[in-house]
Structures are given as structure tokens and as C-alpha cells.
Amino acid sequence: MLIDSHCHIDFYTPDKQLEIIQNAKSEGVNYMLNAGSSRSSFDNILGIVAKYENVFGAIGQHPDEAETNGIISQEDLLQYISKNKKIIAIGETGLDYSKEGYNKDIQIENFLNHINVSVKTDLPIIIHNRDSNSDMCDILKSEMKRHKFKAIIHCFTGDSKMAGEMLELGFYISASGIITFKNAFDLRETFKTIPNDRLLVETDSPYLAPVPYRGRENQPAFVVQVAKQLSEIKEMDFSEIANITSNNFKQLFDLNI
Ligand SMILES: [Zn+2]
């Protein structure tokens with residue numbers, strides 16, 4: 001069994017949702033976590049987790065969304081989270097300094113709100129981090145001194161120093177299709193150093209299709225390619241990586257599945 005720890009099922013039409021969930025099942029991808037991204041995604045995600053027993057959900061706002069549509073209050077986030085027990089995480093949220101004219105203050109305020117909600121609910125936070133390593137590490141370290149929380153660094157692309165700092169905070173690190181990309185030598189080397197008990201796999205579908213599907217729309221079934229690549233990096237059997245990453249997911253989210 002494999003678990004796709006991060007995808008956006010809500011970005012597909014309802015017909016397509018059914019199709020990709022069936023594809024996933026037939027490839028042994030038994031569960032998936034639909035990450036939140038914007039206020040408008042929340043009702044869709046709540047509908048999806050109610051409809052499909054093998055899809056879990058997260059509620060949270062992407063940093064770009066906070067800039068465009070305003071910050072969602074902690075009260076509102078808590079309200080959505082309380083609507084279904086299958087909402088098992090906060091996110092995705094974090095920092096993204098990749099676009100010109102980004103607003104650091106809004107992004108940081110939004111991120112801190114989510115960390116507070118994670119502390120209040122004891123649900124892990126799913127962290128998006130792009131071109132913001134230094135602020136990200138500073139915030140996570142100082143927040144962790146104030147209160148404990150669990151986290152996944154989703155779609156990890158940092159170096160081994162960054163990985164080390166995240167591991168020290170007790171976080172999990174998720175590999176995406178990027179580890180299959182031809183020029184991702186350094187990232188593959190970094191993943192060699194990440195302990196097995198902190199590894200997760202994801203697609204981030206519909207984005208980031210792995211080799212050999214690059215250029216196509218990604219889907220949770222393709223997490224098989226990510227796990228295959230990870231098994232090569234770790235010089236382990238595919239089935240071992242599948243078990244390890246699935247068990248890590250269950251452990252982190254305290255799931256009996
Ligand atoms: Zn995502």
C-alpha cells in the first residue's frame with residue numbers, strides 16, 4: 001500500500017475525481033490527503049472527504065491566497081476543521097517568496113495563525129516553503145520554543161542542512177515527483193540522508209508530474225513513481241519504502257487504517 005500525503009483532489013471536476021481515485025486504488029495507492037489551499041477549497045474538501053472513505057483532508061490557506069484574498073481567522077479555520085473528523089491536518093500554508101512583489105508581513109501573519117491552530121488542535125501542519133528557507137527556519141525554531149506542534153515539510157527541495165534542522169524539530173519530510181527529475185542530483189543525495197522513520201511520499205497533483213509523466217496532469221496514482229525513485233535512492237525494495245512511508249503517515253496522524 002502507498003499513501004499520497006499531499007494532493008489537490010478538489011482541483012479536478014467531480015467526474016475526474018472519481019476516475020483518479022479509482023486509478024489510485026488500482027495502483028495500490030489506498031489513501032490520500034487532500035491539502036487545503038484557499039477558503040473556496042474548504043467546502044469542496046469537506047464534500048470529498050465525506051464522499052470518499054479513502055480521502056482525508058486538510059484545512060489551510062496557501063501564502064499566495066492570503067495575499068490575494070486576505071487572511072482567514074483562526075476561529076474560521078477551527079470552525080471548518082471541526083466539521084469532519086477526517087480533517088486531519090492544517091494546511092497547506094507557509095511562505096513563498098518566489099513571486100515578485102510578495103508580501104512578507106501578510107505571509108508571516110497567515111503562517112503564524114496556522115501554527116497557532118495546529119497547537120490548539122494538535123493536528124500536524126503541512127508546510128509550503130519556496131525561496132524562503134531562512135525565514136522559515138527562524139520562524140519554526142522560535143515557534144517551537146514557545147509551543148509544540150507537528151509538521152510535514154511538503155514537497156521538500158531544501159539541502160541537507162535544512163533537512164537536518166527540520167528533523168531536529170521532529171518534522172516529517174515529504175518527497176514529491178521532483179526527486180525523479182533528471183537534474184535533481186543534489187536533492188536525491190539529500191534524501192539519502194533523511195532517516196526512514198521521517199519519510200513521506202506525495203504527488204502534489206495536479207502539479208509536478210514525475211518522470212515519465214512530465215508535462216501531463218499529475219494524479220495520486222503517480223505517487224508510485226515517487227516511491228520507486230525513493231527506493232532506488234535508499235537502495236531498498238519498493239515494498240519496503242511503501243510500508244515505511246505508509247506507516248509513517250499512520251503514525252503521524254494517529255490513524256488506524
Ligand atoms: Zn500543494
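## Helix α5

In α5, the buried residues are Q107, N110, F111, N113, H114, I115, V117 and S118. Keep in mind that this is a predicted model. Those buried residues of α5 pack against quite a list of neighbours: α3 (63–69), α4 (74–81), β4, β5 and α6 (133–146).

The length of the helix works out too. The 18 residues of α5 should span 26 Å at 1.5 Å a residue, and the end C-alpha atoms are 26 Å apart, so the two values agree. Just past the end of α5 comes D122, with a positive phi of about 65°.

## Strand β4 and its partners

Now for β4, one of the elements that α5 packs against. This strand covers residues 87–96, and nine of its ten residues are buried, so call it mostly covered, given that buried takes 20 or more other C-beta atoms within 10 Å. One partner of β4 is β3 (residues 55–59): the two pair in the parallel sense over three bridges. Within that pairing, A58 has A89 of β4 as its bridge partner.

Strand β5 (residues 125–130) is also paired with β4 in the parallel sense, over five bridges. Here D96 stands opposite R130 in β5. To get from β4 to β5, the chain passes through helix α5 (residues 104–121), and this β-α-β crossover is right-handed.

G91 and E92 are joined by a cis peptide bond, with omega about 10°, and E92 lies in β4.

## The nonpolar core

What about the nonpolar residues? In soluble globular proteins, nonpolar side chains tend to be buried together. In this model, the largest nonpolar core has 71 residues, and the members touching the most others are M32, I173 and A227.

Take I173 as an example. Leaving aside residues up to four places away in sequence, I173 touches I153, F156, A163, M166, I194, R198 and L199.

## Loops worth a look

Start with the loop between β6 (151–153) and α7 (160–168), where C155 is found. Phi of C155 is near 50°, a positive value in a residue other than glycine. Is C155 buried or exposed? It has 25 C-beta neighbours inside 10 Å, so C155 counts as buried.

The loop between β8 and α9 holds D204, another residue other than glycine with a positive phi, near 60°. D204 has 24 other C-beta atoms within 10 Å and is therefore buried. P206 also sits in the loop between β8 (199–201) and α9 (223–233). The bond between S205 and P206 is a cis peptide, with omega about 15°.

## The chain as a whole

Zooming out, the protein chain has ten helices and eight strands. The C-alpha trace spans about 45 × 40 × 35 Å along its principal axes. Does the radius of gyration fit a compact globule, or depart from one? For 257 residues, a compact globule would have a value near 18 Å, and the protein chain has 17 Å, so the two agree.

Buried residues account for 47% of the 257 residues in the protein chain. As for contacts between residues at least 6 apart in sequence, 72% join residues at least 24 apart.

Note on methods
Residues are numbered from 1 along each chain as its sequence is written. This is a predicted model: local features need pLDDT of at least 70, side-chain atom pairs count only at pLDDT 80 or more; totals for chains, interfaces and linings use all residues. A nonpolar core is a set of buried Ala, Val, Leu, Ile, Met, Phe, Trp, Tyr and Cys residues joined through C-beta atoms within 7 Å. A residue is buried if 20 or more other C-beta atoms lie within 10 Å of its own, exposed if 12 or fewer, and partly exposed in between; C-beta atoms are placed from the backbone. Two residues are in contact if their C-beta atoms, placed from the backbone, lie within 7 Å. Helices (H or I, at least four residues) and strands (E, at least two) are DSSP runs, numbered from the N terminus. Two strands pair if DSSP finds at least two bridges between them. A crossover is right-handed if, with the strands pointing away from the viewer, the path from the first strand over the helix to the second runs clockwise. The radius of gyration is taken over C-alpha atoms; the globule rule is 2.2 Å times the number of residues to the power 0.38. The expected span of a helix is 1.5 Å times one less than its number of residues.
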